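Keep the model open beside you as you read.

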Amino acid sequence: MSDAIEASTSSSSSPRESVFIHPRREPFEHGLLPIPKLIFTDPNATLAPLRDKLVAAAADHPARRVDSKALSDALQISLDHARLVVDTSLQAKSSEIDAVGADVYDLILFLYIQSYKRLLPRTHKDSAAVADVWPSTSAFDGYLSALSPLQLVRSNSRRFMPSQADEEAHQLSYLQKHLANILSLLAEPVEGEGEESLVLTMERFEHLGFLIQFGEKGSEGVTLSQAAPFFANSDPDMPAVPVPAAQVHDWVLQNIASALEHISERVSAKENGPPNATDQDVAMADACASSMKSPKSARGPSFIEGISKSSYVKQAPDLKGSSLKVLNCHDSVIYILAPLRFATIYGCSDATIVLGAVGKAVRVEHCERVHVIAAAKRICIANCRECVFFLGVNQQPLIVGDNHKLQVAPYNTFYSQLEEHMNQVGIEPTVNKWDELLALGVVDPHDSLSHPAGVSDIQAESATRLDPDQFTNFLIPNWFGGESAGTTKDNPFPLPDAYMASQQRNHKNLGEIKQILRETPLEENRKRELSCALHVFLKTASGNIRQLYCLQGD
């Protein structure tokens with residue numbers, strides 16, 4: 001959907017324009033961790049005493065925050081996992097990660113939504129056709145078999161995939177169901193009146209902003225207290241009077257109900273009305289045309305989807321907002337040369353995808369035979385096979401789900417504005433943890449699927465390091481010349497010695513081949529035969545035909 005989904009905040013809203021509620025996508029899309037000890041059967045009963053324990057620990061912290069050590073002790077998890085939880089919660093809030101730690105109440109909300117189950121894809125109407133093109137037993141059986149990249153191309157439709165409206169409604173429904181518990185974790189009893197009389201201060205109420213927001217992020221966005229009638233007119237020089245939790249509960253529920261009704265109306269109008277060229281749920285036949293346009297809303301992500309057998313480039317001016325989704329692209333080379341906060345690559349095959357600079361997190365899911373080249377703060381790889389990741393990352397790469405034959409290698413490219421974009425989003429080129437992999441569970445407890453008993457304890461298959469002899473630089477063409485002039489002249493991430501030595505050998509060999517080609521007199525038809533032979537060899541040998549383009553350019 002290209003327009004923001006809107007829902008009235010209250011009957012007292014301005015008559016000329018309502019302000020609308022949305023779930024924040026970041027915690028639900030990039031904040032779920034498949035760590036068994038974070039999945040609570042009764043989140044409220046478990047998290048209330050944990051909250052009190054963390055509040056006590058934060059009281060002893062200079063910044064009154066919860067650090068990894070305190071969380072590790074409280075949850076009885078490893079220090080590595082505790083650090084991952086703290087860092088991921090900060091990224092989900094779009095806060096900067098440092099050694100100080102996380103706010104207690106943001107962390108409690110982050111731990112609560114670990115019980116969230118993602119929306120299942122709709123059943124495909126032609127299951128026989130799916131089986132025909134995706135018949136073999138694979139890592140994707142039971143999930144991706146219904147979302148096969150090959151089937152998506154052939155079926156000419158992705159209507160069975162959850163839309164952004166579906167996902168937003170699913171997230172709102174989850175919040176609707178769990179709101180009473182969430183508010184009880186934020187509220188405090190009135191002195192002398194016991195646990196039955198809970199109130200929320202304005203400060204505690206603002207913590208709901210970890211999960212929901214009003215208005216258009218990046219445009220007319222408002223804080224929760226500005227949107228709420230019981231805090232909107234508070235004197236900034238005086239502490240606001242706490243509000244009964246029941247009143248807050250009723251007000252938020254009213255807004256969620258209005259939002260869900262509005263989503264339903266929008267979806268119904270879309271399904272019953274004429275096709276919309278900017279609709280994000282278009283048929284694959286129209287995907288290339290629509291993927292040239294980003295959603296007009298600054299709040300939502302930009303989409304690139306349905307690219308097949310093409311080269312495709314997007315630069316910063318082409319993208320709206322700071323999040324991107326690359327969906328169902330096949331046999332293509334896709335360049336995203338822009339600074340972003342979040343990026344998702346989903347359901348792609350036989351493609352090379354270059355992500356410029358991603359300051360929070362990249363998620364790559366259900367892809368096969370894809371080369372991903374990414375400079376990012378963090379990357380999470382889930383349910384992929386036969387993929388190669390060329391990484392410049394400041395945090396350990398996460399490997400989750402059912403993966404097979406993954407390889408990782410150091411970052412291997414650059415474009416003229418790369419360092420400028422990295423500075424904008426806070427990526428440090430001197431820190432590259434590309435091979436410090438952290439493998440979590442093979443089963444994702446958030447995927448709503450049933451799994452055999454005992455499988456949840458199995459660790460995901462990790463990735464292997466790419467052989468340095470197979471390592472090559474990836475050349476990004478300079479299509480626009482001086483229009484995108486920047487200062488980056490080389491790969492900003494230092495290469496490990498073995499990969500640097502391999503690169504130098506490749507340069508030497510390439511120079512020798514160029515010299516031989518220049519000095520060898522050949523007829524035109526022989527040149528074409530040689531070019532074809534080199535094309536086949538380089539693509540087969542290294543999976544990277546950019547070397548051939550270098551030769552052809554000379």
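How many helices and strands does the chain have? The chain has 16 helices and 17 strands, where helices (H or I, at least four residues) and strands (E, at least two) are DSSP runs, numbered from the N terminus. Before going further, please note that this is a predicted model, in which local features need pLDDT of at least 70 and side-chain atom pairs count only at pLDDT 80 or more, while totals for chains, interfaces and linings use all residues. Residues are numbered from 1 along each chain as its sequence is written, and side-chain values use heavy atoms, with hydrogens and water left out.

Of the 554 residues of the chain, 52% count as buried. Here buried means under 20% relative accessible area, exposed means over 50%, and partly exposed lies in between (1.4 Å probe, protein chains only). Contacts, meaning heavy atoms within 4.5 Å, tell you about the fold too: among those in the chain with a separation of 6 or more, 57% join residues 24 or more positions apart.

Now look inside. In soluble globular proteins, nonpolar side chains tend to be buried together. A nonpolar core here is a set of buried Ala, Val, Leu, Ile, Met, Phe, Trp, Tyr and Cys residues joined through side-chain atoms within 4.5 Å. The largest one has 74 residues, and L54, L71, V85, L111, F205 and L208 touch the most other members. Helix α8 (residues 164-186) gives the most to this core, with ten residues. Apart from it lies another core, of 63 residues, and C329, C348, V362 and F389 are among them.

Leaving aside residues up to four places away in sequence, F205 touches L200, L224, S225, A228, F230, F231, V248 and W251. Q213 sits in strand β4 (residues 212-214) and is buried, with a relative accessible area of 13%.

Next come the helices. Helix α2 (residues 43-59) packs against helix α5 (residues 104-112) at an angle of about 155°, with their axes 10 Å apart. Axes are lines fitted to C-alpha atoms, for helices over the stretch in contact, and angles run from 0 to 180 degrees between N-to-C directions. The two helices are therefore roughly antiparallel to each other; angles under 35 degrees count as roughly parallel, over 145 as roughly antiparallel, 65 to 115 as roughly perpendicular and the rest as oblique. On the α2 side, P43, N44, L47, L50, R51, L54, V55 and A58 meet V104, Y105, L107, I108, L111 and Y112 in α5.

How does α2 lie against α8, parallel or antiparallel? The angle between α2 and α8 is about 15°, with their axes 10 Å apart, and they are therefore roughly parallel to each other. In this contact, N44, L47, A48 and R51 in α2 meet N181, S184 and L185 in α8.

Finally, visit V326 in strand β8 (residues 323-327). V326 is buried, with a relative accessible area of 1%. Not counting residues up to four places away in sequence, V326 touches I304, I334, T344, I345, Y346, C348 and I353. From V326 to I336, ten residues apart in sequence, the C-alpha to C-alpha distance is 9.8 Å.
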